[in-house]
Amino acid sequence: MTSKSPPATPKIYGWCPGALRPMMSGDGLVVRIRAPLGRLSQRQAEAIAALSRQYGNGLIDLSARANLQLRGISAETHDAVIAGLKALGLLDQDAATESRRNILLTPFWQEDNLSHEIACRLERALLAAKDLQLPGKFGFVVDTGAAPLLQNCAADIRIERSGAEILLVADGAQLGLPVTVETAADRAIDLARWFLDQGGASKGRGRMQALLSRRAAPIAHSSPRSSSAPQPALGNTADGQLVGLEFGQITAKTFAALAKIGPLRLTPWRALLVEGARDIAPLPGVILDATDPRLQVRACTGAPGCLQALSATRDLARDLAPFVPKGQTLHISGCAKGCAHPGSAPLTLTATAADTFDLIHHGRASDHPLRETLSASALRTAPQILTEGC
Ligand code: SF4
């Protein structure tokens, strides 16, 4: 597919919201919570649900980097949310520290295992590296379980398993540097400094993969990576039950109900791992069945929650989900930015006006459409339009 000019050019912010630096959206401020080790105790999770209900609009997002987002916070109540997060031990000392501490950890870590140990060391190293001015979206992955699980998750520096070795990998490279539990965090900081020294960042933006398209990774990175294991399916696991959130969002009420069952681990797969749980009873908006058709649809916030959205997305996503062919993904995007699925998808609907979409096959939300100006009602009436010409 070739790129076309989107009907309205979406604004690229180049940074992610935090708790201390929230982002304005169509339904108020988005306050992002970066839970240390991607875990919330039951007390923390229940208190977050209470903050969402009291000061927000009762909706909580789970981001692709396994962070929570409270939605609908007002400028007047932001201070109260910050005070609440501080009391829960979920607040960094300042916005720069919060931004730098951008670590995605495999949710299947165990206390004192390799992933846990490396993530703790990396967190301490990032907190100490106050001079490290990385771009707003620059992030780290720690993924040293039996096989890498997070290779498809956006990151700039990866610490991942490759057979018997642990490798430090610059995102976009096929080779990595062998490290140990003792050296991984320091070498990761070295690689971040290398990225900056090589001109990887400009005006607060820049990604490792873009830099590696212009220059090779450091020469010492010479060990081959392993390929990724498949994304874990929803259901019972040795660590608890993995449950899906419809389009990555959950109500505060349901979040509190899950918190009553067990501590929550945040995953980048629009799913929560409820520690120690098995066979959870159905809850609204929680997907328990790994074959649920909603898992085949990606839908961004859309209107009215996003200021840039040209249309609502999720009601249509719910209605079209049963018609997405098995093994395929439908991406419904409120504008050409494609936040819910930045890569190519077999089927994409990109909003061009209220309840009006372009259809793209095997492309991104900004790519040239196969069909233009399809109404949401036409798609609901004749969902086979999605796959005609495939
Ligand atoms: S893709 Fe969706 S969430 Fe992202 S800016 Fe566009 S409408 Fe908003």
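Ala, Val, Leu, Ile, Met, Phe, Trp, Tyr, Cys and Pro count as nonpolar, Asp, Glu, Lys and Arg as charged, and the others, Gly among them, as polar. With that in hand, take the ligand. Its shell has 5 nonpolar, 4 polar and 1 charged residues. The residues around the ligand are Cys 300, Cys 306, Gln 308, Ala 309, Ser 333, Gly 334, Cys 335, Lys 337, Gly 338 and Cys 339. Each is there on one test: a heavy atom within 4 Å of the molecule.

A word on the source. This is a predicted model, where local features need pLDDT of at least 70, side-chain atom pairs count only at pLDDT 80 or more, and totals for chains, interfaces and linings use all residues. Residues are numbered from 1 along each chain as its sequence is written, and side-chain values use heavy atoms, with hydrogens and water left out.

Now the domains. The chain splits into domain 1 (23-96 + 236-287), domain 2 (109-224) and domain 3 (293-387). Those bounds come from an automatic or database domain assignment. The centres of domain 1 and domain 2, over C-alpha atoms, are 26 Å apart. Their contact (heavy atoms within 4.5 Å) takes 10 residues from domain 1 and 15 residues from domain 2. About 940 Å² is buried between domain 1 and domain 2, and carbon and sulfur atoms give 49% of that. Buried area here is the accessible area, with a 1.4 Å probe, that two parts lose on being put together, summed over both. On the domain 1 side, Leu 37, Arg 65 and Arg 265 supply 57% of the area buried against domain 2, more than any other three residues.

Next, single residues. Thr 144 sits in the loop between strand S7 (140-143) and strand S8 (157-162). Helices (H or I, at least four residues) and strands (E, at least two) are DSSP runs, numbered from the N terminus. Is Thr 144 buried or exposed? Thr 144 is buried, at 3% relative accessible area. The scale: buried is under 20%, exposed over 50%, partly exposed in between, with a 1.4 Å probe and protein chains only. The Thr 144 side chain makes a polar contact of 2.6 Å with that of Ser 115. A polar contact is a pair of N or O atoms within 3.5 Å; within protein, one must be able to donate a hydrogen and the other to accept it, and residues adjacent in sequence count only if both atoms are side-chain atoms. Beyond four places in sequence, Thr 144 touches residues including Leu 114, Ile 118 and Ile 159.

Asn 236 lies in strand S12 (residues 235-237). Asn 236 is partly exposed, at 31%. Its side chain has a polar contact of 2.8 Å with the side chain of Asp 279.

Compare Ala 354, in the loop between strand S20 (345-353) and strand S21 (356-363). Ala 354 is exposed, at 57%.

Last, the backbone. Most residues other than glycine have a negative phi, and most peptide bonds are trans. Ala 66 has a positive phi of about 60°. Ala 66 is buried, at 6% relative accessibility. Phe 247 has a positive phi of about 55°. Phe 247 is buried too, at 5%. The peptide bond from Ala 303 to Pro 304 is cis, with omega near 5°. Pro 304 falls in the loop between strand S18 (297-299) and helix H8 (314-320).
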